Amino acid sequence: MMTAAATMLLSSCLSIPKLDRASDINMQRLDRATDANPNNVHAQFLLGRSYLESNESAKAAVHFRKAIALKPDFEEAWDGLGVAKLDEHDYNGAADVYTEMRGKFPGSAAACEGLANAHLGAGRFDEAEKFAREARTLDAKSGQAARVLGEAAYAKGDYATAIREWKKFAELDPFHGKELQQTIDDLESYQKKYGK
């Protein structure tokens with residue numbers, strides 16, 4: 001099952017198809033490119049993505065940092081670094097990355113989504129909701145905002161809001177939203193039988 005953090009990055013504007021067995025060939029191409037030119041910012045970014053998809057978050061972070069050092073305004077590389085921190089369960093580190101990203105890109109829904117996920121992971125639900133709402137203000141179609149708002153509501157026992165937000169997430173991101181369908185169905189059955 002893919003982590004929420006990986007879901008965030010894979011649905012970003014620079015999405016590439018999920019790598020399969022051909023990923024070894026892709027990694028070889030990227031390694032050759034960065035060996036020949038360590039300043040190849042795009043190859044550094046894609047290496048970060050590849051390592052993230054291989055669940056090697058620490059290696060991914062190294063390449064995202066290199067991409068950021070080469071091109072400080074590369075918003076997706078900032079997001080990748082934050083996702084790597086989220087995958088490592090370093091929620092405070094992720095919050096630091098996303099706070100800096102938010103300062104560099106004040107209109108970035110991705111920065112707010114990342115902050116929402118970092119606070120959710122740390123169990124700071126009020127802060128998670130605050131940043132999810134801000135992400136939704138910046139991007140009305142933010143699936144991550146809906147997912148985080150649903151998660152926070154569920155943790156607080158507000159099942160009606162959780163169902164509503166998770167359904168919105170499934171509508172906005174059908175591929176990843178289907179992972180929540182069984183939980184939504186079970187929670188709806190629970191509510192019918194037991195109420196709130």
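Mentor: The expected span of a helix is 1.5 Å times one less than its number of residues. Please keep in mind that this is a predicted model.

Trainee: What span should helix α12 have, and how far apart are its end C-alpha atoms?

Mentor: Helix α12 covers residues 181–194, which is 14 residues, so it should span 20 Å. Its end C-alpha atoms are 20 Å apart, which agrees.

Trainee: What comes just after α12?

Mentor: G195 follows, with a positive phi of about 80 degrees.

Trainee: Which residues have a positive phi although they are not glycines?

Mentor: N55 is one of them, at about 60 degrees, and H89 is another, at about 65 degrees. N55 sits in the loop between α3 and α4, while H89 sits in the loop between α5 and α6.

Trainee: Is N55 buried or exposed? And H89, buried or exposed?

Mentor: N55 has 66% relative accessibility, so it counts as exposed. H89 is exposed as well, with a relative accessible area of 57%.

Trainee: How many salt bridges does the structure hold?

Mentor: It holds 10. One of them joins R49 and E53, with the closest N and O atoms 3.9 Å apart. These two residues are four apart in helix α3, so about one helical turn separates them.

Trainee: Are R49 and E53 buried or exposed?

Mentor: R49 counts as buried because its relative accessibility is 0%. E53, at 15%, also counts as buried, since the cut-off for buried is under 20%.

Trainee: Which salt bridge links distant parts of the chain?

Mentor: R102 and E134 form one, with the closest N and O atoms 2.8 Å apart. R102 is in helix α6 and E134 in helix α8, 32 residues apart.

Trainee: And where does K156 lie?

Mentor: K156 lies in the loop between α9 and α10, and its partner E129 is in helix α8, so the pair ties together parts 27 residues apart in sequence. Their closest N and O atoms are 2.7 Å apart. K156 is partly exposed, at 43%, whereas E129 counts as buried, at 10%. D126, E129 and K156 are linked in a network of salt bridges.

Technical notes:
Residues numbered from 1 in each chain as written. Predicted model: local features only at pLDDT ≥ 70, side-chain atom pairs only at ≥ 80, totals over all residues. Heavy atoms only, no water. Buried < 20%, exposed > 50% of the residue type's maximum accessible area, 1.4 Å probe, protein only. Salt bridge = Lys/Arg side-chain N within 4 Å of Asp/Glu carboxyl O.
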